[in-house]
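Please consult the sequence and coordinates alongside the text.

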Amino acid sequence: MQLLDRNFDVSVAPVAGAELSGEALRGVERFLFDEAQLLDERRFSEWLALWTEHGRYWVPRFHGQANPFEQISLFWEDAMLREVRVRRLENARNWSQQPPTRTARVVGNIAVQGLDAAGHLIVRSVFQLTEWRKAQRQLAGAAFHKLAATEAGGWQIVLKRVDLVNCDDVHGNLEVFI
Amino acid sequence: MTLSTETLAGLVRPDSVHKSVYTDPRIFELEMQRIYGQAWIYVGHESQVPATGDYHTTRIGDQDVLMVRAADGQVHVLYNRCPHKGAQVVAEGDGCAGKFFRCPYHAWTFKLDGTHLAAPMKKGFEGTCYDPAHPDFSMRRLARVESYRGFVFASQAADGPDLKAFLGGVATSIDNLCDRSPVGEVEVTGGVFRVLQESNWKVFYENLHDTMHARVTHESSVVAAREEAKEIGEMPFELLIMDGNGEPYEFWEKLELRAYPNGHGYMEGIFDPAAATRDPVSRAHFEALSQVHGEERARAILGMNRHNTVIYGSGSPHTVFQQFRVIRPLAVNRTMVEIQVFRLKGAPEQVFDRALTYANVINSPSSNVMPDDVEVYRRCQEGNGTRGGEWVSLHRYLGTDKALDEGWVSTNGTSELPMRNQFAAWRDYMLAEGSAAQAGAKNEEKNHAAA
């Protein structure tokens, strides 16, 4: 699948409602909290395993950006590019990761939005992320996860869209996943 | 304490520069006057202000300026300052002023070329020197503005060479970027990245033609890309452009570096996009150009494979990947880079897709390649702040570069010719007496003394 495959459904607007039991909802919440923990603990390989084969990680450059095909994005990564990032972060000669970027994030306001055209669950959450590398930086925004149900009763990420409050700011390097 | 001409002259040797050129805030201030107050500096591309009243804000050295399209189609470059109280007339970014500018503070209005239109409650000015026709009551234009194939440059100096003469040998890079469009035109589209570097602006210019750093600084991204390619069994475009930095020294030695007056230059291409395992793009692009120009001309246009071009003071256009990395100094130790992506008008869509992917992978703040550059620049900034030594070495292949009719060419691609050439220009700028910004300041002093 090409990186800029226009058939990839990047929309996070639900086309149908979703009814989740209290227990299922707690499962979704736990999935997002676990994801946050893996990133904060730099357990990147385990994080990579949370995705579907064709899943996409997207951080738009613009507020309200419709797609990653016509405009630049802060991140637009398929499995290959996510893996490359992890390989670089774990390379011993990653000069810009000495010292490494440390993060701590709080995820909240988790709300199921509904289903997309393929039946993936669309979940919105809000995060506060403190990053430290040589200096402290605050990142914040809303994340949209599109999740596919697995046979084992869990979830996999089809799309993660992160809308930073300052996506249109001047940025220092963004080295780790948000 | 001011810096004497002798002191400034002593900072640049044929084979080295004094570290204070990167760290001394007084030198940075002088650069803003003598380089950025003098040279032609890239403001933006005409396509960023397509309609009447459209404006784009940016910085020329330490000056907030805006580029605006007037009703007659002309593009003007103005200081973003209301002549009344000095407020910035428009907010930072892109927008449309409509038919005229209106200051948000006291509603003074200005035509799109900056000239005074009106101020409310005129009777309050009766009996004063208020004169709508006097330039003191208009938004000031930069001294000179010229466009080269849609690329708008401005100079704060009233006198000096015209833009074409200033660009010299690197105008061909802008030509080639435009010629890659079947209709010979490009437009900024898809947005502009803005990335912060915590280092002096000159370090980035030097690095653009520093072939000796690539395989050392970028080892982490080269190895990551190669490991990934091995695992998936192919080398797609996204990995190819990270892999290129890992070429052995012998590869870099064979490249050609060109140096031109005013600090400009370019280097030969380091990878052929057509080498990617899935690249239908180059073929489609060639066919589109052939239809217009014939195969021979199409081959000549696409065969000009240049990597980074340096337009000293403005930044680095890249012809093959259709972008302009515009370098904006913010402080002695802070630099902002604006990365513009261009669409080649009339070219197949995949050609833009490739440029977009290149920008996302290489130039985004999230790039896997750039952080290691930015880190070593910062380390230079910090290291040069110590008492561990005074000079920065530019010795490599000194004395072997060949003079051309215009400029120089390296005999070895790892030559530090580009750095020596940049500092030769830097020295000329910094030692030049009576640059425009200084002359302006002196005249103001005189006027005040007379008053």
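## Strand pairing and contacts

In chain B, strand S18 (residues 323-331) and strand S19 (residues 334-344) pair in the antiparallel sense over eight bridges. Strands (E, at least two residues) and helices (H or I, at least four residues) are DSSP runs numbered from the N terminus, and two strands pair if DSSP finds at least two bridges between them. Gln323(B) stands opposite Val341(B) in S19(B).

The model is predicted: local features need pLDDT of at least 70 and side-chain atom pairs count only at pLDDT 80 or more, whereas totals for chains, interfaces and linings use all residues. Residues are numbered from 1 along each chain as its sequence is written, while chains are lettered from A and ligands numbered from 1 in the order in which they are written.

S18(B) and S19(B) belong to an open sheet of four strands in chain B, with the order S13-S19-S18-S17 and antiparallel pairing. Strand S13 (186-197) and strand S17 (315-318) of chain B stand at the edges; each has a single partner strand, so one side of each is left without a neighbour in the sheet. From one strand to the next the twist averages 15 degrees. Helix H13 (residues 349-363) of chain B lies across S13, S18 and S19 of chain B and runs at about 165 degrees to S19(B). Such angles run from 0 to 180 degrees between N-to-C directions, the axes being lines fitted to C-alpha atoms, for helices over the stretch in contact.

Strand S4 (residues 54-60) of chain B has five of its seven residues buried, so S4(B) is largely enclosed by the rest of the structure. A residue is buried if 20 or more other C-beta atoms, placed from the backbone, lie within 10 Å of its own; it is exposed if 12 or fewer do, and partly exposed in between.

| Partner of S4(B) | Bridges | Residue pair |
|---|---|---|
| S5(B), residues 63-69 | six bridges | Arg59(B) with Asp64(B) |
| S7(B), residues 94-96 | three bridges | Asp54(B) with Cys96(B) |

S4(B) and S5(B) form a hairpin with two residues between them, and Gly61(B) in the turn has a positive phi of about 60 degrees.

An automatic or database domain assignment divides chain B into domain 1 (41-148) and domain 2 (169-431). Eight residues of domain 1 of chain B are in contact with 12 residues of domain 2 of chain B, contact requiring C-beta atoms, placed from the backbone, to lie within 7 Å. Strand S3 (residues 41-45) of chain B gives the most to the domain 1 side, with three residues.

Between the chains, 29 residues of chain A are in contact with 34 residues of chain B. Strand S2 (73-77) and helix H3 (79-89) of chain A each supply at least two residues of the chain A side, and H3(A) gives the most, with seven residues.

Chain A has three helices and six strands, which follow the pattern α-α-β-β-α-β-β-β-β along the sequence. With 178 residues, a compact globule would have a radius of gyration near 16 Å, and the 16 Å of chain A agrees; the radius is taken over C-alpha atoms, and the globule rule is 2.2 Å times the number of residues to the power 0.38. The C-alpha trace of chain A spans about 45 × 35 × 30 Å along its principal axes. Buried residues make up 35% of chain A.

Note on methods: Two residues are in contact if their C-beta atoms, placed from the backbone, lie within 7 Å.
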